[in-house]
Each structure stands twice: as C-alpha cells, then as structure tokens.
Amino acid sequence: MNYDIIIIGSGPGGYVAAIRGSQLGKKVAIVEKAELGGICLNWGCIPTKALLKSAQVYKYLNNAQDFGINVPENIGFEFPNVVQRSRGVADRMSKGVQFLMKKNKIDIIKGEAKVLPGKKVLVTNENEAKEYQADNIIIATGARSRELPALPQDGKKVIGYRGALALEKLPKSMIVVGSGAIGVEFAHFYHSLGTEVTIVEFLPRIVPVEDEDVSKQLQLSFKKSGIKILTNAEVTQVDTSGDLVKATVKTAKGEEVLEAEVVLSAVGVVPNTENIGLEEVGIATERGKIVINDYCQTSVPGYYAIGDVVKGADLAHLASAQGILAAEKIAGLEVEPIDYGNIPGCTYCSPEIASVGLTEAKAKEAGYEVKVGKFPFSANGKAVANGATDGFVKVVFDAKYGEWLGCHMIGDGVTEMIAEAVVARKLETTGHEIMKSVHAHPTMAEAIMEAVEDAYGHAIHI
C-alpha cells in the first residue's frame, strides 16, 4: 500500500504528526507494536500523574486538621486500587488516541517496523511480514529505561519506571537510583504513601539539570519530609538473593550497604534506534540518536525523525512540536525551526519544579552580566492560604539588553505557571513589560511579577 506519510511509533510525537498530516490532506498510516499513545501516555507522563494525584489526596486528608477540617483517624488506602486508577486513566487516554486516529482517517498498522531503502517500511507481526511504501517516513520510536551494568533490572526487586507504575503491593522500603524527573517523582509518590525512601545520586546535587537554588530547595523539602538523600554516590553492585535487596553504594566516605525491598533504577532513558533499519538505509546517528536538521529531516531525503530518538530533551511536548513541524514541512508549508532554548521542563514531585531557559550559572558561563530576582512563596498570600509555602520563583535577565534569559520555579502548581515565561520569552518580552502587566491577586502567578520586580530593585513584598 502507498501512503504520503508513514509514522513509526504512536507516542506524543507520532500520533500528533499523524493528525497534523491528515489535517493537511495527506494519506497517513501509523505503525505501533504496543498500545496507542506510546510510553508517555501508557507508561510515563499520564499514569505517573494519576499516581501523584492519589498521593496528594492522601496527604490532604492526613493534614486536614491544618485546614480546620475534622476527618476520621487512621485514614488508609488500598494500594492496588491506587494503581488500578492510574492504569484506568492511561487506558482512557489511549482510547482517546484511538478515537482521534479514526476521526482523522489514519490507518493503524500493528507490528514491529523497520525502515528500508527506497522509502519503504517492513512491518512484522505474529501473522505476517508486509512492506508498505510512502513518500515520507517519520521515525518516532521513542526511548526505554536505561540499564546500568551494576544495576540489572529483573522486574521484581530491581525495577525501571514501568515496574514502578504497576507494583502489586506497596514496598516498605525503596532505594531510588537517580534523581532526575522520574526518580524524584517516584520517590515522592512512594514516600507519601509510607514507603521508606532513599535517593542515591551520582552527581553533587539532586535534580542536577535544574538551577542550583532549585536543587537546594528540593533537597531541603525532601529531607524535611523524611526522604533520605545520598549525593556524590554510586551503586556499584546489587545482591538480590535474599528477602531484601542489598545495594553497595560508594561515597566519598567509603562504601556502605543499603537494604530495601525494591530498587528503582531511574538513571535516564536510551533511544530505541537499534534494529530499525537505520544502517541499511544510511541514516546517520550520533551517540545512539538520529541526526536531524532544523526541520527534523535525517541525512537521507524522505526520512524524518522526532522525539526521544533525536537531539534535545526527552520531553513529550517537544516531541509533539517536532511532529507538527515535520508534518507541515512535508506538506510544503513555510515552517519555523524549533527554539530548543525555550522548551519548558516540568517535574511533578512535591514541591513541583518548572523551568525554562538558562540557569544563573549557565548564563554567567555564557558571558552574560545578569540581573537575578527571587520571590519566596512564603511571602505570597495565595500560597500561605493554600498551606503550600515551600519554594520560590527565580528569574534571570541580561543586565545589558533586558532579555529574559531564564525562569526557575519550585513550589505548588508551578508547572501550570511556567507557560507565562515561555510565551514572554518567545515574544522577547522585557522585565519592564512583565512588571507593568497587572497580575491578579491573590494568585501564585503574582510571584513571577514580584521576582522580576526584585531583579530590578522594585520589590514591594520582600
């Protein structure tokens, strides 16, 4: 069969590209070996947020007295029901993608895909192997949990993110190796339900890609809640032979052995670029990722790549943006390259983290003279009323021209607030324009305006 576009992978990059291609009048097929929606929707972004919401509700109920509400003592939960709700949310969203495929007349081809020379795709399933022809092919095969040699995953005592989403019972203790978004989100979730959690981070601070002040605040908040944290630490081996996992951890003070029911390996992901025909077609790769230009085109004409298999952060919203760009480029529209320096990053632990642009340290390394402003949520009326005063908003401006270089937030609901900074930076907004844009009171978002005021010496409430 011949198509205008065949897309391999139905994650937030693939299915979005398919819909946009169809909207532009193209005949589109999407190849998927598992559930529609990919890892993000089925085993990543969406189900983890459902788990975190359950943890938040449980936390609210256990602290209801702080809000003047009397609730029964010994509030409990059924862990399998928490997991079941999460899986139900993921299933509902997957069915939503299925509906969108049907609505947009996109053919779904089930099976494992391999790209072939001549803009062909070989799809293999249990029944047959069949070739399909397309004018354009978009590779959106995503990524999977990275496995370290010293930390092999057995799916029972040493697990990756998929295992963490579907445990049959709540473990009494857990070691989380790695403190990126996946690590700290699961650390927060399990600790909130009563698991004794220890985070082991190889680098000097947790959430190491974030601004240093954000890292310090999260470490303070986590330690205050009872999560144990080891930085500058490396798991060198694990012993799963007993009832508990024994993890040997090397630190600056020497080696120590930690014990827990479960070890979660959260040391990042690796792109799914093996055995999909890249070498045979001649598509260039670098460090396991497919090399693309500003329009998501690979080194071979007619073949595109998006999402976790290409450069940039492994983020669902970036994959979607790349999918739209690729589809529009194929359709002959005039498209604008993605600004990879203005992609927001969000982490949904508690307190939440959201950031965009350069950190203070990176801005200084780049040679900027900076103006830095900071506003704590402890001085924000809405945050105090919400009982959520941990955290702050931090902004970084170029002192010479007023360019908004970066915005870094940690606190309740900041993942909903970061869009203001993203749009403002896109529009090349200055600090003066933010200060003179009236922000509603009382809101958490006022903290953005007040942080900018602080950067320019106009702070009112601190």
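**View 1. Side-chain contact between E446 and the backbone of T443 in the predicted model.** A polar atom of the E446 side chain lies 3.1 Å from the backbone nitrogen of T443. E446 belongs to helix α14, which spans residues 446-455. With a relative accessible area of 8%, E446 is buried. Leaving aside residues up to four places away in sequence, E446 touches N380, H439, A440 and H441. The C-alpha atoms of E446 and F375 are 9.5 Å apart in space, while 71 residues separate the two in sequence.

**View 2. Crossing of helices α3 and α4.** Two packed helices are described by the angle between their axes and the distance between the axes. The axes of α3 (residues 45-62) and α4 (residues 79-103) cross at roughly 140° and come within 8 Å. This crossing of α3 and α4 is right-handed. On the α3 side, the contact is made by I46, P47, A50, L51, K53 and S54; α4 contributes V82, V83, R85, S86, R87, V89, A90 and M93. By class, the residues of the contact of α3 with α4 comprise 9 nonpolar, 2 polar and 3 charged.

View 3. Within α12 (residues 418-426), the residues I418, A421, V422, A424 and R425 are buried. The buried residues of α12 pack against strands β20 (345-347), β21 (352-357) and β24 (404-411), and against helix α13 (431-435). E428, which follows α12, has a positive phi near 55°.

Definitions and conventions. Residues are numbered from 1 along each chain as its sequence is written. This is a predicted model: local features need pLDDT of at least 70, side-chain atom pairs count only at pLDDT 80 or more; totals for chains, interfaces and linings use all residues. Side-chain values use heavy atoms; hydrogens and water are left out. Helices (H or I, at least four residues) and strands (E, at least two) are DSSP runs, numbered from the N terminus. Buried means under 20% relative accessible area, exposed over 50%, partly exposed in between (1.4 Å probe, protein chains only). Contact means heavy atoms within 4.5 Å. A polar contact is a pair of N or O atoms within 3.5 Å; within protein, one must be able to donate a hydrogen and the other to accept it, and residues adjacent in sequence count only if both atoms are side-chain atoms. Axes are lines fitted to C-alpha atoms, for helices over the stretch in contact, and angles run from 0 to 180 degrees between N-to-C directions. A crossing is left-handed if the near helix is turned anticlockwise from the far one by less than a right angle, and right-handed if clockwise. Ala, Val, Leu, Ile, Met, Phe, Trp, Tyr, Cys and Pro count as nonpolar, Asp, Glu, Lys and Arg as charged, and the others, Gly among them, as polar.
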